[in-house]
Amino acid sequence: MRMDFLTLFPGMFESVFSHSILSRAAERGHVSFHTHDIRDYTDDKHNKVDDYPYGGGAGLVLKPQPVFDAAAEVKSTGDAPPDRVILLCPQGKPFKQEDARELAGEERLMFICGHYEGYDERIREHLITDEYSIGDFVLTGGELGAMVMADSITRLLPGVLGNEQSAHTDSFENGLLEYPQYTRPADFRGMKVPDILLSGDHGKIAEWRQNQAIKRTKERRPDLWEKYTDQT
């Protein structure tokens, strides 16, 4: 997969994409990350990418020209144009695990990361295919949201995780939160691992884990539990 990021701050992505699973996925050829500075595409001699909104109001709005030109240039590179053009915005659809799974099936994604007070509406109306938000809160820009989405999508690509089963047992994958996990030592300062996990009985362990996942989901995320019961 190829991911392109249109941003005013390409340096924000460097440390995230050069560490951990994302770095290893890129090194092994499962994904490639490309950042593009929107300021490089402005036709303003001062590289101005924002302006005051018509009708007045607080803050500045990202102008359409540099974004449209940047998107056109990026689309012309690579083997094929992006399958999806994603806008990061508080008004977007809440990003969920099922969205990550769907997007992981694409060959190429483009993310548009805005700053300031918002986007010229023509960007939303005529350029993008999808609009996502990572939560009901406001960030200073779309870069962090794009990085979150990139991480979530990348780990679902075939071959990225060392143990493919890891992705299938994560929270949200089956509609439930993940069950409790323990590692050695079995007795840490008097805090003991549940006996069932030391029994070697894989059937009973699986049953215990399922019950714990249900219990945890009921207690912590009743909204997920309600959705889960509606689907089962």
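Biologist: Which helices each supply at least two residues of the lining of the largest pocket?

Modeller: Those are helix H4 (97-103) and helix H9 (222-231). Keep in mind that this is a predicted model.

Biologist: OK, and which one gives the most to that lining of the largest pocket?

Modeller: H9 does, with five residues.

Biologist: Which residues lie nearest the centre of the largest pocket?

Modeller: Lys-96, Gln-97, Glu-98, Phe-172 and Leu-224, out of 19 lining residues.

Biologist: How do the lining residues of the largest pocket divide into nonpolar, polar and charged?

Modeller: Seven are charged, with six polar and six nonpolar.

Biologist: And how much space lies in the largest pocket?

Modeller: About 420 Å³.

Biologist: Switching topic: what volume does the second largest pocket have?

Modeller: That one comes to about 370 Å³. Its lining takes in 23 residues, and Leu-88, Cys-89, Pro-90, Tyr-119 and Leu-139 are the ones nearest the centre.

Biologist: What about classes in the lining of the second largest pocket?

Modeller: There are ten nonpolar and ten polar residues there, plus three charged.

Conventions. Residues numbered from 1 in each chain as written. Predicted model: local features only at pLDDT ≥ 70, side-chain atom pairs only at ≥ 80, totals over all residues. Heavy atoms only, no water. 1 Å grid on protein atoms, 1.4 Å probe; cavity = no way out; pocket = protein on both sides within 12 Å on 5 of 7 lines; lining within 4 Å. Points joined across faces, edges and corners; volume = space filled by probe spheres on them. Helix = DSSP H or I, 4+ residues; strand = E, 2+ residues; numbered from the N terminus. Nonpolar A, V, L, I, M, F, W, Y, C, P; charged D, E, K, R; others polar.
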